[in-house]
Amino acid sequence: MKLTRAIKNNWSGLLVLGLALIAWELLAQRDRSFFFPPISTIFSTFYEVWFSPRFLEHAIPSLGRMFAGYLLAAALGIVLGMLTGSIESLYKTLEPFLEFMRALPHALLIPVGILFLGIGDTMKVVLIVSSVVWPILLNSTEGARNVSQERLDTAANFGLGRLEVIRRVVFPSALPMIFAGLRIGLAFAFIMVVVSEMIGSTNGIGYYILNAQRTFAVPQMFAGILLLALLGFGFNSLFLWFESKVLFWHHGETGQLEG
Amino acid sequence: MGKAGREFNVRGWAFVVVITGVVELVARFGDSPAYLPPPTTILGALFSGLVSGEIAGQAGITLLSYTGSVIVATFLGVFVGILMGAFSTFYNAIKVIVEFLRPVPTVSFLPLAILLFGLGYAMRAAVTIYAAFWPLLISTFYGVRSADPIMIETARNFGLSRRQVLRRVVLPSAVPSIATGFRISAIIALSLTITAELVAGNSGLGHFIAEMERAARYPEMYAGILLAGVIGYYLNLSFRAIEKQLLFWSPSYRSQVVEEEV
């Protein structure tokens, strides 16, 4: 069993986690701190809040926006990245603009998005796309630019056209870099949906948490944070699993050290 | 950041100028809404905001709190990273917590930070330090772990103690990895400081931009965004330059340059 092995390998880590949670529980019960309710209260609030229609009201919209934006940005970023990576003059033309967009803290796009698009779903999806697309685009570009000349020449010798070369040679060779971009993009999408819901929204997990904080509903706030934590952890694990399936042929240090 | 080097990119900047020109024409002569001011008006607002200190002061506040947070996060991340890399008992003990917390976006904790610290510097510093801590921790850990075992054995054979091996062999060979972690952390930190200011801060560039939006002073709002982008751009550039200067000797640096872009 995979699970038992995972427990065996991590027993000391799980022990420390358990002890930390018990210490939290005991300290919180003793001090009756307003800011840190007992962990048992947080868990039961979590159950009450998220195993109820509120999940449909707040969590589903967040997830829908996030995945709509992420998938759009991924398609856009990969296609454009293949083009900018294969056509040097296009890359040169767009470079300053791309570098600026990468360096800009993306949350600052939110006020602009609200002005142009209001506070609905369109605004959030557009903002997610305009935050997520840059790391995917830039990594895809980098991947496409680093394809070895031998491969390109071989493909050309076999008489492949330009688009065929991109599809059959450049794209597969760039996949490890594309995945590095997709991974960063996934984190960006999650951040962007939460922040945009905190700033301009009437539903969503980000809205729920900030609203709980403003009304001093501390256990509810923690329940929201816990949901985000579980989702963040889950997305990351799912992504790693998917990456290992797709890139099983790629020997090397994928997934070793990342931002 | 390609292989093309750093010569001036005429074509790229010409493109920027053309696009700006088109937006200028549309904003001036087209039927455009008030929230799309002409770029020249934005540049004017940026200039007068820098001269009068209205924007410059807020940017200063942001940079000050940013710098402090990055310094604290660097010490924390490197310290805990070394402990994790050097002592496997410690690593095993905190591995589960680290693996669970690392993928969680820091903005999730923003409401908690507001609750605990209010809207001032402490709140912004707390989320910034937290966000910047993780890349440094992980890259320090990998740097320490990936020290060449032959070098360590050699040093042991020369009679160096565990402590000396750590200081003279393991840490120097971890420096490239730590430097990369630092650059990534420093970029994330800027984003977090400004995001925290934007969502709930009571000063700083992010707060300024939110205020200007509410006051419908759109040229000033765009000027703030432009300035934040320029600051991010130049910080990114200078961290890369510093990294290159410091690590020209390192063979592992060259292989790291290509991968991972944040």
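## Where the two chains meet

Chain B brings 52 residues to the contact, and chain A brings 53 residues. On the side of chain B that touches chain A, the elements giving two or more residues are α1 (10-29), α4 (88-101), α5 (110-117), α6 (121-145), α8 (162-200), α9 (205-214) and α10 (218-246) of chain B. Sorted by class, that side of chain B has 35 nonpolar, 11 polar and 6 charged residues.

Please keep in mind as you read that this is a predicted model.

## Chain B on its own

What is chain B built from? Its secondary structure amounts to 11 helices and 0 strands. Read from the N terminus, the order of elements in chain B is α-α-α-α-α-α-α-α-α-α-α. The C-alpha trace of chain B spans about 75 × 50 × 30 Å along its principal axes.

Chain B has 262 residues, and 42% of them are buried. Let's turn to how the chain folds back on itself. Among the contacts in chain B with a separation of 6 or more, 73% are between residues 24 or more positions apart.

## Chain A on its own

Now for the partner. Chain A holds 11 helices and 0 strands, and from the N terminus its elements run α-α-α-α-α-α-α-α-α-α-α. Taken along the principal axes, the C-alpha atoms of chain A fill a box of roughly 75 × 50 × 30 Å.

How many of the 259 residues of chain A count as buried? The share is 44%. For contacts in chain A with a separation of 6 or more, residues 24 or more positions apart account for 72%.

## A closer look at helix α3 of chain A

Helix α3 of chain A covers residues 39-50, which is 12 residues. Does the length expected of this helix agree or disagree with the distance between its end C-alpha atoms? The expected span is 1.5 Å times one less than the number of residues, so the 12 residues of α3(A) should span 16 Å. The end C-alpha atoms of α3(A) are 16 Å apart, which agrees with that expectation.

Which residues of α3(A) are buried? They are I39(A), I42(A), T45(A) and V49(A). Looking down the axis of α3(A), you will find its buried residues within an arc of 120 degrees, and therefore they line one face of the helix. As for what that face meets, the buried residues of α3(A) pack against α2 (11-31), α4 (53-86) and α11 (218-246) of chain A.

Key: Residues numbered from 1 in each chain as written. Chains lettered and ligands numbered in written order. Predicted model: local features only at pLDDT ≥ 70, side-chain atom pairs only at ≥ 80, totals over all residues. Helix = DSSP H or I, 4+ residues; strand = E, 2+ residues; numbered from the N terminus. Buried ≥ 20, exposed ≤ 12 C-beta atoms within 10 Å, placed from the backbone. Contact = placed C-beta atoms within 7 Å. Nonpolar A, V, L, I, M, F, W, Y, C, P; charged D, E, K, R; others polar. Arc of directions from axis to C-beta.
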